[in-house]
Amino acid sequence: MNPTVEIAGITFPTCIMNAAGARCVTAEELEAIGNSRSGAIVTKSMTLNARDGNPTPRYVTFPHGSINSMGLPNLGYQAYVDLIPRLKEFKKPVIASIAGFSPAEFLDIATAIDAVKPDLMEINLSCPNIEGHPQIAYDFETAEQLLTRIRNVVNRPMGAKLPPYFDPAHHDHMATILKRCGVNFISVINSIGNGLVINPETDAVIIKPKGGFGGLGGAIIKPVALANVRAFALRFQGHIPIIGVGGIETGQDIYEHLLAGASAVQIGTAFVEEGPQVFVRLEQELTTIVERKGLRSATEAVGRLKEF
Ligand code: SIN
């Protein structure tokens with residue numbers, strides 16, 4: 001099977017990569033991704049200043065899922081300006097994820113990161129874990145203004161990391177905005193924001209920040225992720241590639257994301273739990289399925305979902 005995929009003119013050695021979540025903050029973590037079978041090196045969303053993130057416990061698994069409120073711990077964008085040229089030596093695409101707390105911050109970070117030429121830039125419009133900063137992508141007007149301004153300073157292919165939407169009218173509206181803003185790809189979905197998990201033994205929440213509210217990930221969110229991939233794929237008709245994120249634990253999960261319309265996938269919770277070797281396992285499992293289906297490449301499966 002041909003494992004390579006192309007997104008926004010960039011060739012990826014495989015369609016499976018890490019998500020801008022955990023294990024992608026420090027130079028050591030990013031180099032470990034570089035040395036793995038991950039199809040790209042995706043950085044943690046970087047902010048203007050370095051951040052320790054939210055108080056712990058801030059990431060906990062529970063049956064079939066995870067909840068996190070990491071709070072964007074990262075080294076600050078200047079450290080990634082220095083790191084990205086080194087990461088490019090791994091000869092696989094580098095995706096720089098950026099997050100600001102104001103339009104001016106987004107623009108400063110985007111301008112500086114664009115200058116060191118990551119292969120793609122992912123604009124995080126969907127972190128649910130910062131108190132006082134709602135998820136930008138739920139405010140359609142602000143999201144459009146921001147993406148338009150970032151597009152004006154970014155020459156590299158750029159994409160938006162989106163939260164889940166739950167109504168076709170919202171998929172319609174956001175798809176129209178993304179087309180107008182000249183976005184080259186989307187990554188969908190971020191964690192399902194502001195879930196609440198209770199420990200039955202202690203009658204307490206299981207993470208500390210925000211009174212226990214946090215982003216849900218892992219197997220339980222797969223149907224929501226697939227629905228969002230499919231909803232945007234139907235609206236983009238191949239013109240804007242989609243990176244599917246959410247609920248991927250097996251090669252079958254990846255295959256379903258491809259069927260729904262994703263060209264590639266990102267791995268969050270399973271990468272946190274298994275480490276870099278997860279990419280080898282997932283690639284083997286996906287290859288077995290793709291070959292069993294008689295396809296020559298993962299790309300051939302993209303968007304082939306059947307409807308009744
Ligand atoms: C976090 O750092 O809080 C998670 C990242 C995100 O949701 O974008």
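**Close-up 1. Leu162 in strand S9.** Leu162 belongs to strand S9, which spans residues 158-162; strands here are DSSP runs (E, at least two residues), and helices are DSSP runs too (H or I, at least four), both numbered from the N terminus. This is a predicted model, where local features need pLDDT of at least 70 and side-chain atom pairs count only at pLDDT 80 or more, while totals for chains, interfaces and linings use all residues. Residues are numbered from 1 along each chain as its sequence is written, and side-chain values use heavy atoms, with hydrogens and water left out. With a relative accessible area of 0%, Leu162 is buried (buried means under 20% relative accessible area, exposed over 50%, partly exposed in between, with a 1.4 Å probe and protein chains only). Setting aside neighbours within four places in sequence, the contacts of Leu162 include Met174, Leu178, Ile186 and Phe232; contact means heavy atoms within 4.5 Å. Look along the chain as well: Leu162 and Met174 are 12 residues apart, and their C-alpha atoms are separated by 9.5 Å.

**Close-up 2. Ile113 and the largest nonpolar core.** This core holds 96 residues, and Ile113, Leu162, Met174, Leu178, Ile186 and Phe232 touch the most other members. A nonpolar core is a set of buried Ala, Val, Leu, Ile, Met, Phe, Trp, Tyr and Cys residues joined through side-chain atoms within 4.5 Å. Beyond its neighbours within four places in sequence, Ile113 is in contact with residues including Tyr77, Tyr80, Ile98 and Met121.

**Close-up 3. Met121 in strand S8.** Strand S8 (residues 120-124) contains Met121, which is buried at a relative accessible area of 0%. Not counting residues up to four places away in sequence, Met121 touches Ala96, Ile98, Ile113 and Phe185, among others. The C-alpha atoms of Met121 and Asp139 are separated by 21 Å, with the two residues 18 apart along the chain.

**Close-up 4. Ser66 and its polar partner.** Ser66 sits in strand S6 (residues 65-68) and counts as buried, at 3% relative accessibility. Its side chain makes a polar contact with the side chain of Thr269 (2.9 Å). A polar contact is a pair of N or O atoms within 3.5 Å; within protein, one must be able to donate a hydrogen and the other to accept it, and residues adjacent in sequence count only if both atoms are side-chain atoms.
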